[in-house]
Structures are given as C-alpha cells and as structure tokens.
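Please keep the sequence and the model open while reading.

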Amino acid sequence: MDKKLGVYICSGCEIGEKIAMDGLVRVAEKESKAPVCRTHPFLCGPEGTALIRQDLESGAVNTLVIAACSTRDKTDAFSFDPRMVMERVDLRERVAWSHPAGEEDTQALAEDYLRMGIAKAGKMEPLEPMTGEVSKAILVVGGGIAGLTAALEAAKAGYEVVLVEKSERLGGSLAEVKRPTPLKAPYTASPTNDAQERTRLVMEHPRIQVFTTTTILRTEGQPGQFDVTLATSSQQVTVRVGAIVMATGWKPYDPARLNELGYGSSANVVTNLEAERMAVEGRIRRPSDKKPPQRTLFIQCAGSRRGDHLPYCSSVCCMATLQQAEYLHEADPNAEVYVIYQDMMTPGPYEKFYQKVQEHPRSFFMKGEVTSVGPRPDGQVRVRVEHTLANGPFEIDVDLVVLATGMVPNAADSEAIRSLHDAQAKVLRNESEKQRTEAEAVVASLRQHENTEILHLAYRQGPDLPVLRHGFPDSNFICFPYESQRTGIYAAGAVRSPMDWAGAEEDATGAAMKAIQSVELASLGAAVHPRAGDLSFPFFNLQRCTQCKRCTVECPFGAIDEDEKGTPKFNPYRCRRCGVCMGACPERIISFKNYSVDMIASMIKAVEVPEEEEEKPRILLFACENDAVPALDMAGMERTQLDASVRVIPLRCLGSMNMVWIADALSSGFDGVMLAGCKHGDDYQCHFVRGSELAGRRLDNVKETLQRLQLESERIEMVEAAFDDYRRLPQLINDFAGRIRALDPNPYKGF
Amino acid sequence: MDKTSIGRPDNDFIQDVLALGGEDLKKCYQCAACTSACSLSTEQNGFPRKQMLMAQWGMKDKLLEDPSPWLCYYCGDCSKVCPRQAGPAETMMALRRYAISRYDVTGLARLMYRSAIGNILVFLVFSTFFTLLLLSQHGGMQMGSNGAIFSGLGSTYLFQYIPGEWIHKIGIAVFAMIGASLAFGVLSMVYRMMNKKDHTGERLAFPIAALLPAIWFAVMEAINHHRFRQCEKHEGSVYLHPWLVHGAIMWGFLAMLVATALDYLIKPIGSSVPPWYPMRILGTLGGLVCLYGLSVAITHRISAKETPYDKSSFSDWFFLLLLAATVLTGLLTGIIVYMPHPTVFGYMIFLSHIVLAMDLLIMMPLTKFAHVVYRTLALALYQWARVPAPQTVTVTSSDA
C-alpha cells in the first residue's frame, strides 16, 4: 500500500501564538514532501475533524500526522479507523505551553517534533488485528463466597461459567461459621448465614456448570483459548474457557507455630477457627472438660503483624473475636470475656459492632502484649500481659484462651515452583558433580513448594500466578485490583488480599467484570488493560533469533513460551503490548507495526542537531507514556517552562527501551539522554510490573557503550517519576539539562 | 515477691462506678484524647485515660491508691473532646464519690450516692434529730413589740428560744463526730496512697524532706485553687468562670464560718450588736458572695448545657441546695434580728438555720463537702511522692 501522508497542524490553544505556522508547513511540505498539509485554528472542532475526514474519504490521504495537543487529549475527536496509521505530535503541552513565544529555540523544538512524528508515521504500517476462535466462557476456581459470587455475576451477565471446587461442597468458610458479620445499619446484628442459599442459586443456574471434589490437572493456551483439564473424582474433563477467576480463598495461619502463645501446651488454648467450630456445634466450651468457660481470654494478632510470623493484618480477626465474645455472652451473660489487643481493627461501620460488644458489662478490652501463656494445674491457663495501657504488667487466670489467628492466601508461588522444577530437572540430568549439588541445595530450599500447584499453567514462567509480597498473587493492588501477572486470570477474594465475606463479594464482582472484559477484548483481537483496545501485537522475525531467551524470561506476563531449543513461542492473546520483549531483544527482531526499534531510531535521527559551534545542546528524554508523559502534560497545563534543548519520545513502557537507541542518540550528536520511568521495587507503580526495573538493569550495560565512545557517564541519567510528579519532573529535567550544558558538547556532533 | 497483680475484674466495683455517675465508662476505647485535653495531666502522671481503663477492669485497689481522681477539678474538658462520649470527667467524679463512700464507715454515703430517696431519708432523719434535740431545751417564743428597728434586740429573743449554750454543746459534739469520721477516711487514704507502687512494682518513695513542701503545696492549692484555674478553656464571661464561682462559694462560706466562730468567741451569746458590727458585716458579705456562687452553679445546672453542669447527680443537687438553704436562712436570720417584732416565722427561720447548719456539718464526710479534706490530702500525698521533673530548657514548658 502506498502511503499518502496528510499533516494536520492545529494553531489553537496558544500553539499559533507561540510557533510560526509557516515554519511547520515548510517542514511538512518541503522537507517531508507531504502531499497534504493543512493548518486549522480549531482542529479538534467539528470543522477541523471534517477537514481530515474529507481528505480520508476522498482518498487524498491514508496516513495521518496530527500536530496538536497531547496524545492523551481529544482522543474522541481524533478517532478514526483504529487500524490506520496515525501519529500524533504534541505541540501544545510539549511546546506552546512550556516554552516562550517567538524564540528561535521554541520554533526549532516544534519543527523537530513534527519531523519526528512524520518520520515515525513513515515507518508505521496499518494494523491487522488477530483473528481466532475465542471462547467467552469463564472458569471460576474455588467455591467459597468469592467463587460463588463471581460465577453468579458472570452467569447473570450472560456468560457460561465453569466452577471448580476442590472439596465436596460449596460455600467455603462462610458455610463454616455460626453467623456472618453484620452488613447493614445499625451494624449491631448479624444477618442469617446464607451460604446454602448462595450455593443453591449457583447449582440451579442454567449457565453454571459446577465440579466439586475436582482439581485442575493442566491449564494450556491463552485468554480466549484456555484448555483446562479437570480431574473429578471419577474422570478427566477438558473444558475450553476464555478467562479464569482464581478465588481459592485462604487458610488459617498454622497454630503449631504459636507455641509461644501456649498453643499445644494446654488443651484450653484454641484458635478462633476451633472456637467457631464449637460455636457452630452448640456453644464454645473448654476442651479439657467440656465445661462452658467462665473466663475466656482472646489474644488478638496471634501470629500476625510480626516479622517472624505474618507481617500483615488480616483485618477480619478482630470482628471474629467480637462475634465470638457475643456468642459467649449469649450463652452466659455472666461469662467474662477479656480481649488483649494491639489495635482493634474494625474497619468502617464495624466500629458499631465493636461498641456494642464493648459495652457489655462482662467485656474487658486491654491493649497490651501477651508475653506468656502457661497451663495451671486446675486446667486453667495463666496469661501474662505486658506493655499494657494500665499500670504495668498483670497476670490473669482464665478457663479458655482463644488465639485470633490470621489469613494465609491459598496461592502457589509460581516462580518458586518454576525454580524448583528447573532444579529438579538439573538433578536428574546430573551433568556435573558441582551442578548437581547446587541444584540439590535449591531443591532442598524450595521443597515446601512441591505439589502446591493450583492452576497448573503450561507456561514457561511457571505453573501459577506469580506472587507479590506476603504470597498474595496480586499484580498491583493500588492501581489495578484483581489483575494478576497472567493475562486473562484474575484473583478475587481472600487469595488476593485478606478480607471478609463482604469484601470477597465485592471483589468477586469486580474480578468477574475483568474476566468478561478480557474475553470480549480477546474476541476483538484487542489488548486488555492497561492498553485496553490496542490492536497491535509484536511480530517475531525468528530467522534471526539466537535463542537467548531474554524475551521469554523478561515478559512480565509470561506471554512467551519456548520450544526445546529455546526459540520463543509467542501467545498473542496473553500479550499486553508493553513492548518489554522488544526492548529486551539484542537482535532487535521483535517489533509492532506501529512501534519498533527502527521507528524510534528514525525519530531520533529526524531531530536536527545544531553544529558544535552553535553551542545549543540537544537532550533526548525517553518518557514512560503512563506516568512521566501525563506528568509532563500536567506540567504544561501549569505552564511550567522546560529547557528548550529537550526532545521527548514517549515509550509504551520504559521496559520497551532498546539500548541501541541510546547509542543512536549519542552518535547522532545528542549531548545527553534521560530516562523517566515509574517507581520500581516492592511498591512498584509500573503498569507492566517490571518496565523501569528492566530498563535500569539494561542501563548498567550502557556504561560500556559510553566507555567505547569515550563519553562521560553523566550524560545518561534515569529518574523515577510518578503520575503526580508534575512539579518535580520538570525540575529534574531542567536540572539535568543544566548539568549537560556545563559539559563539553558531544564530540560526535556532525558525524 | 511477684510484682504483678493476678488481675480479675472486680465486677461489684465496676457496678458501683457505673451507678455513681460513670455510666458511660464502658464506652472508652483508650484513644487518650481526654489525657491530651486535660491541662493538669502531665507526662509523669497522665489522667484520666489510665483511670478509665483501670475502672473498666475493676482495679479497685489501684484506683484507691491513686491520687489522680483528686487532682481533677471536673472542668469537663476531657468529656468535651471524648469521641465516644465515654464521660471521663464523670468517671473521675464517680471515682471520688466511690472513695468518699468507701471512707465512710457508716455506709450512709454509699446509700446517699446510689439513691435519691436514701439521700432524702438520711437528710430527714438528721434534720428531725437535730430539731428535736434543739427543741428539747427551748425557752418558748416571746411575742409582742419589744424594740425599735435595728436595735438588734431580736437576737436576745432568738437565743432565748433556743439557748445559745445548747447550740454550742451540740456543735461541739457534731464537730467531734466529724473528726472521728474523717480520721478514719484520712488514715485509710494515707495508708493506701503511701503503699502505692509505680509501674515497675516499686513502692513510691516519700522522703521526709519533701513533706513540708508538700503540705505547703496542698495548703496553697486549697487556698488559691491555682490548678483549677489552669483547667478550663473557659470562653464565657469571667464572672462565670468555674474557678471564680467555686471561689465565691468557698470564700463566702469560710467568711460565714469565721464570722460565726468569732461571734461566739468575742462576745456573749445572744447579745445585741448593731448591723455595722465587724463580725456581722463579714458574715453578711460572705453570705452574699456565697449566694452569688451558688446561684450561678444552680442556674448552670438548670440549663444543663455542657459539662460539667449537664450530668449533675442528685447528690450534687442536694449538697448545693443544702448549702444554699443554710446560707439563705442564715442571711434571713441576720435580717430578722433587726426586725421590731419577733414572729413565729422569724423563730422558724432561726431554727431551720441551725438545723440545716448542723446537717451540713454532720453530713460533711458523706457528701461532696468531704472533698475539702480528701482533695487537700491527696494533693499533699501526690506532691510528696512526686519525683521532681527533669529540668528542661523548653521555654514554653508550663508545668512548673
């Protein structure tokens, strides 16, 4: 297809006042030989867009360069055929709103941006969406409250659902408690336990297929095309589904590790789960003699919020304790209940329930630390409490001690399992004595992960969802709840984060919605969140592949498997189009039709670098499209002035940065290169999990490049910038520009 | 020796505190907003947060050995900021009432605090007793015109009706009984507070050298109520400041007491004096000042808009009204002695005044009145055991 380029330049929103339009038109018409170049004072208005549509319809143009505002603005006005080649050049936030009018440097900046946009459009190709048979069924793993809700919500929305439950009955932990927590004002009375009703609704729903006493043997494929092999008690079944909701819930923290709180030393020290079971069976009793306790002491945060145990708060144990206190008071109004807490965590309106229980004449609450729990000869238990808010430590003899233990996610650590499998394979191969002993040590250290698989994903990066901190398989709970690091698989309920039934219900509804979005977008061949609707996907020029496996290892979403030789096997529906593989590939064989190593390199080369004598430095800024670019846009809105030497190239993710661009920039005469990515580490803010981390690691290798070119290492700098760093980021950029201006010019100018 | 208590809540004690005014005690969730709002709470001795917790857990002994409830002047700052409306000020008051009733061996105080009817009954019994006792020696009412106005001859007739010597004898007996009653309370308090242990389980030190300064501190505090003045962020008129109101009642009462005592000591009983006689002027002025304070306290309690006036117990009302009635009848008697004709009404007012004054005195160890002794004593013991605060160079430090 021949490209017929049309360049449309808007002069509204101060652009025309700051930049000479004829200069821009000259770049488009004379330098770039664009057959059509039009300017308009209100390009996003009906008249302006009509201008573009007319040219498209008449066939005068089929490739658009729109030089107006930020790519994030007016997306609805400039929305044409999504497959068509269209590049937007930001003259407003990046030039007019952040630079002075009438200056030579401002004009040069605007013209460079137009050149870069035209150069990129020249390399881009129209998109051809994936087409494939896509299943819209949804697999729900786990039949607790989250699983039941997700199944029901998806089915109600019209989707076929397969629900798999490991045990023989549905209802999860809700079915095992006497009463749920109060959910309605005035939050002082518990509703009836509706686990049976919820189970019935799911069992009777025509679009929900339920498998109990069933586990997953294998999950193959990709979103829209998952083939899941189920092992029921009698047979193996394979179902095809489009997306998966993982609602595998939680397990209690192992009380065997709570010897310090007396568990095991006396029969009359029980966990909150054991107490609940007694309450369900009748009433809470002292295990030693089955007598109802006169004095019961609850120890909150038993094995929680401590470095040597669970470091987090499970947010539900306090409510469980309050409810059990109420059970005890109902059974015997004179029974005394003591609660030793670190902090009572009764979020939101649960506070009302706390107040109610606290005001009971036989409730006693004390902040303090239990330092010893020991049996007494008469079956009683002596508890010592220190660091109290009263006067000093005290000891108390009670009939029963209840440990309020926390929640551990029912998840499998994908990466650990993968490492274990690799090590086990190495032990079997037994290639050398040294290798075998090393592998055996790894196997020993990861033994606890053996046979912990849940989803059994046939993925190169491991059989389950990768876990974040504390073993929860979340991708990033601040920005994207329910998202996991495996496309099309969403975590919901207590497996995602400690929560109660109300939280799990809400969570499951959200995850069901994400699963529906996933199958619907897959059916369009489009990406899911965060680049929802993106039709591009990477192509692998495998003839030149050296099987280095960097792409298969670095893909944050496990989209790329590999064959026995290590050649990548790309699964397009798993892909989120971040381009991390493209940045990783040393052979530069991975590219999108609208985003490639070559395109960015052409943009770099399109910049007119002034001669050394002019003493006008040029700085290239690779900016993450998701955080740094919007931060710069907001800086523009505040009219923050930027150094005129800086040329910004937005990247899908800083992880898609290929190191060759830095070499290109330096050899083109750029005096400095700056990278602006997201925060990384445990509290990462990257949309693609590891982008800035990977870019940082690659940047370390650049030091060699600089040495080869005999350049100062200060010429390259990487910064972390968040969405809301719109005041800080311009400062960082201007400071960097100041430091570059202090250096000698890049000696490679003019080569 | 084990320094920790084998704790077990004293549920009877908790019930008492709830019944004596701390009814919202259980609502406290230990945020300590009260302690930070209290201008008398210090880093070394924080209250009332800790007392709330100890009361919730029924730690009776620890609370009885703690002077903190007596350091509180019930300004209500803490209750105003309490996010749970747990009424820390009311609990501190309840703890004081508990202490008073605990130190009263007769058990009457407990009855009076817990029941309005009990309170009235005790009052009626005492009043009847004193009335009968006084009338047992009465000399009859003398009627008719016997003098010019302002001759002051009225007092002669009044003291013929109830002989002054007889009143004096009864008064001595009443004071002896108060003394005995208070002695028990004082000794109990001293014993408990001097056996107080600090948070490490060590007994507090009461160095002899610090005794006199501590007594000086307590007496000065009793005189000027300097700490009470720090208390409240009072926003209204200065004439309504609780410190001033309390001062008016206290100093007015003291003036009357002194006038009565001197009256007795320096002139023959029942002898006539002119209105400008110094003791007479002192007594009248004291009565008016006291009446001013009482009227403010009473009107505040009637409007009951904010702490500390919104949660008055019957015992509070009783004490105020008893005091007001005593002062009023006293002032009226002061007028009656200058009237030209003795009347039955005049004799009755005189009799009532003596009965009410006797009631007020005999019930002193049982009512709010007892704070005069216990607060002063607790202040002295608190100051005595107080570890001097480390010298800081902070200019803003107000805790001198």
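## A buried valine in chain A

A:Val607 has a relative accessibility of 6% and therefore counts as buried, a label that applies under 20% relative accessible area, with exposed meaning over 50% and partly exposed the range in between, for a 1.4 Å probe and protein chains only. The residue sits in the loop between helix H16 (597-606) and strand S27 (619-624) of chain A, where helices (H or I, at least four residues) and strands (E, at least two) are DSSP runs numbered from the N terminus. Leaving aside residues up to four places away in sequence, A:Val607 touches A:Asp112, A:Met116, A:Arg647 and A:Phe670, a contact being heavy atoms within 4.5 Å. The C-alpha atoms of A:Val607 and A:Leu620 are separated by 9.7 Å, and these residues are 13 apart along the chain.

## Basis of the model

This is a predicted model, in which local features need pLDDT of at least 70 and side-chain atom pairs count only at pLDDT 80 or more, while totals for chains, interfaces and linings use all residues. Residues are numbered from 1 along each chain as its sequence is written, chains are lettered from A and ligands numbered from 1 in the order in which they are written, and side-chain values use heavy atoms, with hydrogens and water left out.

## Chain A as a whole

Chain A contains 20 helices and 30 strands, and its C-alpha trace spans about 100 × 65 × 65 Å along the principal axes. Of its 751 residues, 58% count as buried, and among contacts between residues at least 6 apart in sequence, 70% join residues at least 24 apart.

The accessible surface of chain A amounts to about 30,400 Å², with 49% belonging to carbon and sulfur atoms; such areas come from the Shrake-Rupley method with a 1.4 Å probe, and for residues only the protein chains shown count as cover. Chain A carries 87 positive and 104 negative side chains, the centres of the two sets lying 3 Å apart. Here Lys and Arg count as positive and Asp and Glu as negative, with His and the chain ends not counted, and each charge is placed at NZ of Lys, CZ of Arg, CG of Asp or CD of Glu.

## Chain B as a whole

Chain B has 18 helices and 1 strand, and its C-alpha trace spans about 75 × 45 × 45 Å along the principal axes. Buried residues make up 49% of its 400 residues.

## Aromatic pairs

Over all chains, a search of the whole structure finds 23 aromatic pairs; rings of Phe, Tyr and Trp (its six-membered ring) pair if their centres lie within 6.5 Å, and planes under 30 degrees apart count as stacked, over 60 as edge-to-face and the rest as tilted. The rings of B:Tyr73 and B:Phe228 are stacked, because their centres are 4.9 Å apart and their planes stand at 10 degrees. B:Tyr73 belongs to the loop between helix H5 (68-71) and helix H6 (77-81) of chain B and B:Phe228 to helix H13 (residues 226-231), so that the pair links distant parts of the chain, 155 residues apart. Both B:Tyr73 and B:Phe228 are buried.

Ring pairs also link A:Tyr338, A:Phe364, A:Phe394 and B:Trp57 into a cluster.
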